[in-house]
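Please read this briefing alongside the sequence and the coordinates.

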Amino acid sequence: MTRTKRALLGAAGGLGAWFLVVKVFGFGQADAYVECVQTLAGLSCTVTHRAGRSSAKVCWDVVSTCANGVVATGSGCGSVTPEAKTVVIIPWSEVRNWSACDAVRSVSMTNMKVELQ
């Protein structure tokens, strides 16, 4: 069963670094947060199970709009058990159009899904 709902909780940028935190809901069965930050290796996304008794597979896209108009998109999925965390690395080589991006101007998460396990 897949349920989706999202609420942007925070995003910040500056000096080439940014973070994004989004809460995704499994409608009472599993509530999870996804936080992504830039690293040298790529996007490091931590999925944290915050509430509920069900394990969940959480998937998302990180969409970066660049100053030169390029849109770079990376996708990730991570499975998490109750009260646990998991880290998903999206390598820069898997972020579409990343090499053409001159400077990130805005970041959002889209296509967030929670599949109860």
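The briefing begins with the basis of the model and then goes through its features by topic.

This is a predicted model, in which local features need pLDDT of at least 70 and side-chain atom pairs count only at pLDDT 80 or more, while totals for chains, interfaces and linings use all residues. Residues are numbered from 1 along each chain as its sequence is written, and side-chain values use heavy atoms, with hydrogens and water left out. The protein has zero helices and nine strands, where helices (H or I, at least four residues) and strands (E, at least two) are DSSP runs numbered from the N terminus.

**Overall make-up**

- Read from the N terminus, the elements of the protein follow the order β-β-β-β-β-β-β-β-β.
- Of the 117 residues in the protein, 44% are buried, a class that means under 20% relative accessible area, with exposed meaning over 50% and partly exposed lying in between (1.4 Å probe, protein chains only).
- Among contacts (heavy atoms within 4.5 Å) with a separation of 6 or more, residues 24 or more positions apart account for 56%.

**Disulfides**

- The protein has three disulfides, each being a pair of cysteine sulfur atoms within 2.5 Å.
- Numbered in sequence order, the bonded cysteines pair as 1-2, 3-5, 4-6.
- Cysteine 36 is joined to cysteine 45 with an S to S distance of 2.1 Å, and both cysteine 36 and cysteine 45 are buried; the torsion about their S-S bond is about 110°, so this disulfide is right-handed.
- Cysteine 59 is joined to cysteine 77 with an S to S distance of 2.0 Å, and the torsion about the S-S bond of this pair is about 115°, so the link is right-handed.
- Because cysteine 59 lies in strand 6 (residues 56-66) and cysteine 77 in strand 7 (residues 71-80), the pair ties together parts that are 18 residues apart in sequence.
- Cysteine 59 counts as buried at 18% relative accessibility, whereas cysteine 77, at 39%, counts as partly exposed.
- Cysteine 66 and cysteine 101 form a disulfide with their sulfur atoms 2.0 Å apart, and with -110° about the S-S bond the link of these two cysteines is left-handed.
- Cysteine 66 lies in strand 6 and cysteine 101 in the loop between strand 8 (85-91) and strand 9 (104-116), so this pair ties together parts that are 35 residues apart in sequence.
- Cysteine 66 is buried with a relative accessible area of 4%, and cysteine 101 also counts as buried, at 16%.

- Valine 88 lies in strand 8 and, at 13% relative accessibility, counts as buried.
- Leaving aside its neighbours within four places in sequence, valine 88 is in contact with Leu43, Ser44, Cys45, Trp60, Cys77 and Gly78.
- Valine 88 and valine 34 are separated by 54 residues in sequence and by 9.8 Å in space, C-alpha to C-alpha.

**Histidine 49**

- Histidine 49 lies in strand 5 and counts as buried at 5% relative accessibility.
- The side chain of histidine 49 reaches the backbone nitrogen of glutamate 83 at 3.5 Å.
- Beyond its neighbours within four places in sequence, histidine 49 is in contact with a set of residues including Ala30, Asp31, Ala32, Val80, Pro82 and Glu83.

**Aromatic rings**

- A search of the whole structure finds one aromatic pair, and the rings of tryptophan 92 and tryptophan 98 have their centres 4.1 Å apart and their planes at 10°, so the pair is stacked.
- Rings of Phe, Tyr and Trp (its six-membered ring) pair if their centres lie within 6.5 Å, and planes under 30 degrees apart count as stacked, over 60 as edge-to-face and the rest as tilted.
- Tryptophan 92 is buried, with a relative accessible area of 18%.
- Arginine 50 lies over the face of tyrosine 33, at 3.9 Å from the ring centre, where a charge sits over a ring if NZ of Lys or CZ of Arg is within 6 Å of the ring centre and within 35 degrees of the ring normal.

How values were computed. A polar contact is a pair of N or O atoms within 3.5 Å; within protein, one must be able to donate a hydrogen and the other to accept it, and residues adjacent in sequence count only if both atoms are side-chain atoms.
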